[in-house]
Amino acid sequence: MSFGAGADTQFETMHGREFPAIRQFTIFLENRVGQLLEVVRRFEGTGIRIVALSINDAAECAFVRFLISDADRGREILERAGLAIIESDLVGVELPEGPQPLLRVCTALLQAELNIIQAYPLFVRPHGKPAVAIMVENIDLAMKTLSEKGFRIITEDDLDADNLPPQDIY
């Protein structure tokens with residue numbers, strides 16, 4: 001088996017800027033004043049933006065889920081901070097024009113018999129239109145279904161602040 005220059009085997013992963021899913025990070029925070037601020041400050045001065053956020057409060061802790069503009073660099077920052085993180089793949093989908101755009105997304109996923117586990121809006125508007133991040137049971141089938149039905153899939157590259165017009169960054 002050859003691993004050097006000229007080897008026929010390509011070593012690539014499904015993740016990264018070319019993979020159409022977007023990565024969500026979940027962290028567990030103690031229910032104390034200022035805990036979220038400490039996490040958000042870790043991105044200060046890095047050029048990395050939090051582009052979506054969801055907080056689920058429990059008695060002793062909070063589950064904070066978020067998407068950031070550079071998942072690879074952001075993961076490094078979170079790991080260096082000593083935070084326990086869970087990384088998950090989500091589908092980012094641009095909401096279509098017209099009344100009840102979320103209904104159209106949900107209907108497409110129902111037709112493929114896919115359950116939505118989590119969903120929340122993005123703070124940024126890639127391509128100038130509203131979008132949501134959705135966790136589903138089968139991400140590959142969801143992306144295929146939504147694409148075939150004419151929905152635009154949002155990728156990690158779309159979340160990069162350098163690729164967004166200034167008016168679409170909040």
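Q: Before we start, what should I know about the numbering and the cut-offs on pLDDT?
A: Residues are numbered from 1 along each chain as its sequence is written, and side-chain values use heavy atoms, with hydrogens and water left out. Since the model is predicted, local features need pLDDT of at least 70 and side-chain atom pairs count only at pLDDT 80 or more, while totals for chains, interfaces and linings use all residues.

Q: OK, salt bridges. How many turn up in the whole structure?
A: A search of the whole structure gives ten. The term stands for a side-chain nitrogen of Lys or Arg within 4 Å of a carboxyl oxygen of Asp or Glu.

Q: What does aspartate 72 pair with at 2.8 Å?
A: That's arginine 23, with 2.8 Å from N to O. Helices (H or I, at least four residues) and strands (E, at least two) are DSSP runs, numbered from the N terminus.

Q: And is arginine 23 buried or exposed?
A: Arginine 23 is buried, at 4% relative accessible area. Buried means under 20% relative accessible area, exposed means over 50%, and partly exposed is in between (1.4 Å probe, protein chains only).

Q: Which arginine also meets aspartate 72, at 3.5 Å?
A: Arginine 75 does, in a salt bridge with 3.5 Å from N to O. Arginine 75 and aspartate 72 are both in helix α2, three residues apart, which is about one turn of the helix. Arginine 75 is partly exposed, with a relative accessible area of 21%.

Q: Which residues make up the network of salt bridges there?
A: Arg23, Asp72, Arg75, Glu87 and Glu156 are linked in that network.

Q: Switching to rings: how many aromatic pairs does the structure hold?
A: Three. Rings of Phe, Tyr and Trp (its six-membered ring) pair if their centres lie within 6.5 Å; planes under 30 degrees apart count as stacked, over 60 as edge-to-face and the rest as tilted.

Q: How do phenylalanine 25 and phenylalanine 66 sit, then?
A: They form a tilted pair, 6.4 Å centre to centre with 40 degrees between the planes. Phenylalanine 25 is buried at 0% relative accessibility, and phenylalanine 66 is buried at 2%.

Q: Which other phenylalanine pairs with phenylalanine 66?
A: Phenylalanine 43, in an edge-to-face pair with 6.3 Å centre to centre and 75 degrees between the planes. Phenylalanine 43 is in the loop between α1 (35-41) and β2 (50-57), 23 residues apart from phenylalanine 66. At 5% relative accessibility, phenylalanine 43 is buried. Phe25, Phe43 and Phe66 form one aromatic cluster.

Q: Now the surface. Which residues make the nonpolar patch?
A: Leu53, Ile55 and Phe123 make a nonpolar surface patch of about 240 Å². Patches are made of residues with over 30% relative accessible area and no salt bridge; like charges are joined within 9 Å, nonpolar side chains (Val, Leu, Ile, Met, Phe, Trp, Tyr) within 5 Å. The accessible areas come from the Shrake-Rupley method with a 1.4 Å probe, and for residues only the protein chains shown count as cover.

Q: Where is phenylalanine 123?
A: Phenylalanine 123 is in the loop between β5 (116-121) and β6 (131-136). Phenylalanine 123 is partly exposed, at 37% relative accessible area.

Q: Last one, backbone. What is phi of glutamine 100?
A: Phi of glutamine 100 is near 55 degrees, a positive value in a residue other than glycine. Glutamine 100 is in the loop between β4 and α3 (101-111) and is exposed at 55% relative accessibility. Glutamate 113, not a glycine either, has a positive phi of about 60 degrees.
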